[in-house]
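Biologist: Hello! Could you walk me through how the helices of this structure pack?

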Amino acid sequence: MDSVLRAQARFGQRALLLTTAAVPLTGWAVHAIALHKKIAANRRDPLTGLLRRDAYTARARRLLARHGDVAVVMVDADRFKEVNDRLGHAAGDTVLASVAARLTAWAGPRAAVGRLGGDEFAVVLELPAARRAVRLEQLVRMLHTPVTLDDGQVVNIAASVGAATPDVIGARDLTRLQRAADAALYDGKHSGRAVLATTAHATVPSVNGRRAGRPGTAVWGRAA
């Protein structure tokens with residue numbers, strides 16, 4: 001009987017030690033999860049779920065360094081201010097979230113998809129030269145599909161698209177490629193087609209990597 005009691009006591013002590021040791025580990029686990037969620041939230045735009053500027057830039061540069069056939073794609077929602085003014089900011093938010101979802105679906109899970117601000121988006125993805133034209137046409141079609149609001153109202157939307165690739169521009173620098181893609185986008189603004197940048201687009205004057213004269217370039221912040 002005494003041996004049974006002693007065994008039970010030893011088992012109870014071990015259980016107490018394990019429980020005591022587990023408390024700080026559990027606390028650290030909870031802290032780690034909360035920290036991970038906070039970091040993830042800081043990396044993502046709360047409205048669209050896309051990468052914020054800094055997180056997008058870091059991922060985009062990694063893709064440019066690791067892969068040969070890549071493209072930098074810039075996207076602007078057309079006449080977005082009219083949607084906000086006519087239908088309200090809730091409708092505008094729905095449009096932006098829809099554009100973001102379509103960009104994500106088009107680009108795939110390995111791409112860098114970011115919201116640079118307002119109605120401006122950027123994508124860096126692997127894109128073989130033989131498929132550029134077809135894939136960009138596909139993107140334009142997706143971005144021109146009407147959006148249905150929560151109240152059932154259908155909103156016709158459109159977006160302008162410009163793309164730049166290292167083999168054409170002659171550089172793998174993200175800022176130079178974004179500048180060229182942005183200039184190409186404005187060449188085809190409201191045209192309903194994607195424009196692939198040429199070397200001439202890379203020489204367009206820029207402010208912090210964006211086409212000089214476009215709204216917001218005077219106060220854009222640091223270059224991507």
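Biologist: At what angle do helix α3 and α4 cross?

Modeller: A word on the source: this is a predicted model, where local features need pLDDT of at least 70, side-chain atom pairs count only at pLDDT 80 or more, and totals for chains, interfaces and linings use all residues. Residues are numbered from 1 along each chain as its sequence is written, and side-chain values use heavy atoms, leaving out hydrogens and water. Helices are DSSP runs (H or I, at least four residues) numbered from the N terminus, and axes are lines fitted to C-alpha atoms over the stretch in contact, with angles from 0 to 180 degrees between N-to-C directions. The axes of helix α3 (residues 80-87) and α4 come within 6 Å, and they cross at roughly 145°.

Biologist: Which residues of α3 make that contact?

Modeller: Contact means heavy atoms within 4.5 Å. On the α4 side, His89, Ala91, Gly92, Val95 and Leu96 take part. From α3 come Phe80, Val83, Asn84 and Leu87.

Biologist: How are α4 and α5 oriented to each other?

Modeller: Helix α4 (residues 89-107) and helix α5 (residues 132-143) have axes 10 Å apart and pack at an angle of about 155°. Angles over 145 degrees count as roughly antiparallel, under 35 as roughly parallel, 65 to 115 as roughly perpendicular and the rest as oblique. So α4 and α5 are roughly antiparallel.

Biologist: And how are α2 and α7 oriented to each other?

Modeller: Helix α2 (residues 53-66) and helix α7 (residues 174-187) have axes that come within 10 Å and cross at roughly 100°. Their contact includes Tyr56 and Leu64 of α2 and Leu174 and Gln178 of α7. By that angle, α2 and α7 are therefore roughly perpendicular.

Biologist: Which residue lies over the face of Tyr186?

Modeller: A charge sits over a ring if NZ of Lys or CZ of Arg is within 6 Å of the ring centre and within 35 degrees of the ring normal. Here the distance from the ring centre is 5.4 Å, and the residue is Lys189.

Conventions. Helix = DSSP H or I, 4+ residues; strand = E, 2+ residues; numbered from the N terminus.
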